Amino acid sequence: MIDIPEALVASQSAFNGAAGRRFVAALPGRVADFVERWGLRLDGGAMYGVCALVLPVVRVGDGRPAVLKLQLVDDETVGEPVALRLWGAAGAGAVRLLAHDAETGTMLLERLDGRRSLEDMADADEAVRVIAGLLAGLTAVRPGAECGLRGLGDAVARMTAAAPAVAEALADEGERRLVRDCAAAVREVAGEPGDRLLHWDLHFGNVLAGEGGGSGGPRWVAIDPKPLVGDPGFELLPALANRFDADAVGRRFDAMTGVLGLDRARAAAWTLGRVLQNACWTVEGGARRLAPEQAEIARVLRGRRG
């Protein structure tokens, strides 16, 4: 028996409707199936996010701790095992995939320390440097068209097409100008959307501690990717917005672009594109103002495109 968190039940119903409710209803049977199929035993209480149920398990055969991750297969999650395999083969800093079932999207992953993330690191600048180092390894991978992953070019086409209506929907004229500037910036780089494997959601909470870091420190590991093929400059916004500090935006941006070896004007344009993407979702959700930290990041980066 497993306890399914009420928050996961609510989020699945809210975001995925009937499909989400079917997913939740099927979880007990699905867990029992994979525990037997993969030779596992449950080893602790359930963890969860908006989309997934994660259960600590132990492999009976070798005693190895792991986690069983169950989630709906959709446009964002279908590429996760593909990306994890590519990063694993390259020795990049992503969570290790131990087994995967393509039909249900169920994955068996290495177990990390869910109590230790970059959210807890006292020095936010150091956390940003860890993010930058992880991104350097993750975005070094070029997946190739045969992998079937989503491309940034398609996302750019959608957000730039929506930009005029998004700008008009905002209540503040300054924010309307900001959205138009973001759209103009991303149009300048849209012709070369990039060919690197992106995590797309590498915020502080999606970096957990694992074993084997050397010198007594943790091995920091990226989890929960929403894979996308594109330009590494599109990866920077989460680390600028997490534990937001207006005075640190430029410093963090320079640190990440330095570690990644990115052209700063181009990276600024792609980050403005990410602000535009979030603005599209904000308006779609019914809001009429930008998130204050996103607006401030955009204001700072407009001056770094020259």
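Predicted model: local features only at pLDDT ≥ 70, side-chain atom pairs only at ≥ 80, totals over all residues.
Local features were taken at pLDDT of at least 70 and side-chain atom pairs at pLDDT 80 or more, whereas totals for chains, interfaces and linings use all residues. Residues are numbered from 1 along each chain as its sequence is written, and side-chain values use heavy atoms, with hydrogens and water left out.

A pocket is an open set with protein on both sides within 12 Å along at least five of seven lines, and lining residues have an atom within 4 Å of a point. Grid points are joined across faces, edges and corners, and a volume is the space filled by probe spheres set on the points.

One cavity of 30 Å³ or more is found in the whole structure. The largest cavity holds about 50 Å³ of space, and its lining is made up of Gln12, Asn16, Cys51, Gln71, Leu72, Asp74 and Thr77. By class (nonpolar: Ala, Val, Leu, Ile, Met, Phe, Trp, Tyr, Cys and Pro; charged: Asp, Glu, Lys and Arg; polar: the others, Gly among them), two of these lining residues are nonpolar, four polar and one charged.

The largest pocket contains about 1,000 Å³ of space. Its lining comprises 34 residues, with Gly49, Val50, Cys51, Asp224 and Lys226 nearest the pocket centre. Two or more lining residues come from each of helix 1 (6-37), strand 2 (47-48), strand 3 (52-59), strand 4, strand 6 (107-110) and strand 7 (113-117); helices (H or I, at least four residues) and strands (E, at least two) are DSSP runs, numbered from the N terminus. Helix 1 contributes the most to this lining, with four residues. The lining of the largest pocket has 14 nonpolar, 11 polar and nine charged residues.

The second largest pocket has a volume of about 500 Å³. It is lined by 17 residues, of which Arg150, Ala155, Arg158, Gln277 and Trp281 are the closest to its centre. At least two lining residues are supplied by each of helix 4 (152-169) and helix 8 (264-284), and helix 4 gives the most, with six. Nine of the lining residues of this pocket are nonpolar, two polar and six charged.

Side chains of opposite charge can pair when their charged atoms come close. With a salt bridge taken as a side-chain nitrogen of Lys or Arg within 4 Å of a carboxyl oxygen of Asp or Glu, the count comes to 24. One of these salt bridges joins Glu80 and Lys69, with an N to O distance of 2.9 Å. Glu80 belongs to helix 2 (residues 80-90) and Lys69 to strand 4 (residues 65-71), so the pair ties together parts that are 11 residues apart in sequence. Glu80 and Lys69 are both buried, where buried means under 20% relative accessible area, exposed over 50% and partly exposed in between (1.4 Å probe, protein chains only).

Lys69 also forms a salt bridge with Asp224, the closest N and O atoms being 3.0 Å apart. This pair links distant parts of the chain, 155 residues apart, as Asp224 lies in the loop between strand 10 (219-222) and strand 11 (228-230). Lys69 counts as buried because its relative accessibility is 6%, whereas Asp224, at 23%, counts as partly exposed. A further salt bridge joins Asp195 to Arg196, with closest N and O atoms 3.6 Å apart. Asp195 is partly exposed at a relative accessible area of 39%, and Arg196 is partly exposed at 23%. Glu168, Glu173, Arg176, Arg177 and Arg180 form a network of salt bridges.

Helix 3 (residues 124-138) has 15 residues and should span 21 Å at 1.5 Å a residue, which agrees with the 21 Å between its end C-alpha atoms; the expected span is 1.5 Å times one less than the number of residues. Buried residues of helix 3 include Ala124, Asp125, Val128, Ile131, Leu134 and Leu138.

Trp281 is located in helix 8 and is partly exposed, with a relative accessible area of 41%. Its C-alpha atom is separated by 27 Å from that of Ala124, 157 residues apart along the chain.

Definitions and conventions:
1 Å grid on protein atoms, 1.4 Å probe; cavity = no way out; pocket = protein on both sides within 12 Å on 5 of 7 lines; lining within 4 Å.
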